[in-house]
Amino acid sequence: MIHTPSVDWFALSPELVLMTAAALAMLIAVLVPRWAEKPLAAVVCALGFAGALIAAGVLFAHSADGHGVVADAIQRDRLAALAQMIVAGAGLLSVGICYAGRGSWRHSGEFFALLASAGAGMIFLVSASNLLTLFLGLEWFSISLYILAAFDVDVVGSLEAGLKYLIVGSFGSAVLLFGSALVYGTTGHLDFAGIASAGQTSDPLFIAGLAMIIAGLGFKSSAAPFHMWTPDVYEGSPTGVTAFMSAATKTAALVLTLRVLTTAFPERHQLWTVAIAVLACASLAVGNLAALVQRRVKRMLAYSSVSHAGFMLIAIAAGNALGGRALLYYLIAYSAMSVGAFAVVAARERELGKEVTLDNLAGFGWERPFLGVAMWVFMLGFAGLPLTGGFVGKFYAFSAAYDRGWIWLVIVGVVATAVSLYYYFAVIRAMYMRPAAELQLAPSGGSPPPERLLQASVAVALAVTVGSFFAVQPLIDLARDAVSSLTF
Amino acid sequence: MTTALILLPVGGALLLWLLPLPRFWVGSIAFLLSLVEVGLWIDTVARFDFSRGLQFEAHQSWFSDLHVSYHVGFYGFSLWLAGLTTVVMACAIGYAFWTGRERPRAYFGLMLLLTGAVIGVFVAQDLLLFYAFWEGMLIPLYILIGVWGGPGRMAATVKFVIYTMAGSLLMLASIIVFGLQQGTFDLISSGTSSSLWIFLGFAAAFAVKAPLFPLHGWLPDAYRESSPEVAGVLSGVVSKAAAYGFLAIAIRKFPGPTADMRTTILVLAAIGLVYGSFLAFRAPDIRGVIAYSSLAQMGLITLGLFAGNQLGFDGAILQMINHGLISAALFLLAGSVMRRTTTDDFAFLGGMARGRPILATVLMTTGIIALAVPGSTAFAGEFLILAGVFQQGWLWGVIGGGAIVLAAMYMLRMISAVLHRKRGGLVTDDALDLRPAELGVIVPLVACLLALSVWPAAISGHSFPRATVSAGWTSYGPPSTTTGSGIFPIQTQPRSTIEGVMTP
């Protein structure tokens, strides 16, 4: 008789809801007539994300004391629940962006099924509490995203993006797996707590394993120098998918980085904080400098997401409770801004029928006042200016670094912010200050009608971006509850 | 009350953006709101007790784990600066309404937003809140210059943003370090710090925004490329936020570093004063003269602030108000001249006084006050500053005194180049005298200056609490009892003797 662990189905409910949605969407692809496929699949997918959001919220409320479930393979705690809420929220908004995407999609059912499945993978990943579930979650969402990145087969860059993501991502996964094997080999433990208890070893292989795990997760959070895939994949993927990737993947990868490092390697605190700080500096330098010269907006935003990985790694590098709070707060604001910014890009892209550059954004702010103002706010948020959560997020991240005693890291972050202003303001300049006459107008047929769903997504993202500036206290309380399950 | 002064313009801005009103209504609502704002401010003054420190406070926790709060309130001097803001903004909005601007909803919304942000800077009593308002000023200014500016506006905005943000971000780093060291970001409950680096971070932001001598690279472009009323606001009000920052944060929270850096800053201010005056004398156009004279005047104000005694502070506050009013009035006048002649280049101007008596009178009056003719309020301000800085060494007094002569040179040159001399190539008979609407926005500024000329002590005597003991202002508190010891020398001369000279 095989011994089966007792399963806490409630702890798994967000994943289950999303997987159900994915399965239903697949069925819809087969059973439902072509004309009804897209709306039905989208509704099912959106309901899945909404259900996961609610389930994660309930889970948050009922998981005040973090503990392992399902034979300690996953951790049921508030850190996971909050990250799940962010992922599910980003997914929900992405559905709104994707819905009115290219009309030529013949596989909407599969598309939304994959989206839901990727979300489920991330939601599973953030609760991982041993190396196997970590790897399982990572591959789960990665494989879904590989396909999604290549989904737009009509577009030249899309297949390239998918392939590049597949190769580089698999390499990252392999590094992570190798590192896991080394750690398991030297400690004899797979679960994070076990690794921590055996963590006194000074075996160089153990250190190498830790380094490889950090590198593998760095691939997913697109921290430099593991960011090579980011610009091409972000640019080539369907924009809705890019929006989802930029927000949710980063959330999952960074939250898991925080969890692994603090729960499995507390003895190596001195080591990994320095390593993460170095990664943060590299990301800030590479992301910001490369973004300066981009003309294509999606590519620029991709490099900007590398630089934001750097800012959030500052919070992790601080290695204290303040840093944990900073990370989660930053993720909430950043996810909203990122999804929103890509949504606006998607809208412009559909309007023009070609990729968005700084040149063909000219006059956009005046033609589409709402989207223009929203993009304006997102850019200010990325740049860390007040009236957006980006400001408070950066403030917290820098405060955490200072709290750690690393004032040099604060200086690096401040300098990086100063550099970033140039390219964020370039977008505002393009939207508002260039006459639209320079613009080569879209092919005949006129602009597509405004997309209510996309606008609703932008409106929600805008509300979160601005609201997080005013409602810092409740969000920080959430973040505090979330990181209280970690010991620093 | 304080909060209302911030929320009224900001709410008005949102209202204008959300409601699809026709052009006329947008302008008139904005103008009306700015007048209501002035009214609110007058009401605040009427109920303000000048013998006490911080008043009209509002305190609300923002995020508690780092002890950041929404904390606002008025000191005497911040009340005057807020008054300057409301008056100048009302005039600027009125001027823009009269001249008409493209895309009025966006334009007037941004002007109102700017009003709220500047008021916020003057009342914030929490460092992070101060920073939020400080950056809040930049955003509308950036768009106002970049969209409604002149042909070179793109380059001007890039320069403006990079200069100011570089300074601001250094300030952010300083704020974080200062706040976490003190355990609170509140300006009232935090103590003083002796860290030179933190001080320099703050000083960098203020020196760029003011601007002080080596950091003024953005100034000529930004002032020339903005529309006249925005240039007036920029030089009249926004630069004062920097001087305010020096006073309310740098000097107040860092007595040690202030003393250490005093000579350096005085030297830079003096260089800016003299160099700016010479540049103004050489400038080929009206806006160039005003722009560089702003550089010079900010140098003079900084001299007063870093004189380190009560005379200097009083003079600096008075001169801030004076220069704000003068600069705004001159930029609006420059705008009026440009509307009539399409240029503000002296080569094409001249002889405008003939047949345009009102323009001549108003420009002459403003110019005469600006060159600090004895009896004018600018004279009172400069005298106080010089008397204050004289105590740091006679040399500063000499430089400052010389600069007053230079001010007379460039102001008179500008007046004669516009009004007198031969009639310029672009001055035609069709160029009308000032219209009533223009008078309506410029005359109030000049009237304020004349009123202050009659009673400069209204400001110089009501900026700092008079009580011998006032909590929170010990670092440069009222000097009735001398504290010769300590790093911060306080001037001991009885105030009444000075005021006896100044007050008619």
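Modeller: Helices (H or I, at least four residues) and strands (E, at least two) are DSSP runs, numbered from the N terminus. This is a predicted model, where local features need pLDDT of at least 70, side-chain atom pairs count only at pLDDT 80 or more, and totals for chains, interfaces and linings use all residues. Residues are numbered from 1 along each chain as its sequence is written, chains are lettered from A and ligands numbered from 1 in the order in which they are written, and side-chain values use heavy atoms, with hydrogens and water left out.

Biologist: Where is A:P225 found?

Modeller: In chain A, the loop between α8 (204-220) and α9 (229-236) holds A:P225. A cis peptide bond links A:A224 to A:P225, with omega about 0°.

Biologist: And which residues does the cis bond in chain B join?

Modeller: B:A210 and B:P211, at an omega of about -10°. B:P211 sits in the loop between α7 (196-209) and α8 (219-225) of chain B.

Biologist: Now phi. What is the value at B:R421?

Modeller: About 55°, positive although B:R421 is not a glycine. Most residues other than glycine have a negative phi.

Biologist: Is B:R421 buried or exposed?

Modeller: Exposed, at 53% relative accessibility. Buried means under 20% relative accessible area, exposed over 50%, partly exposed in between (1.4 Å probe, protein chains only).
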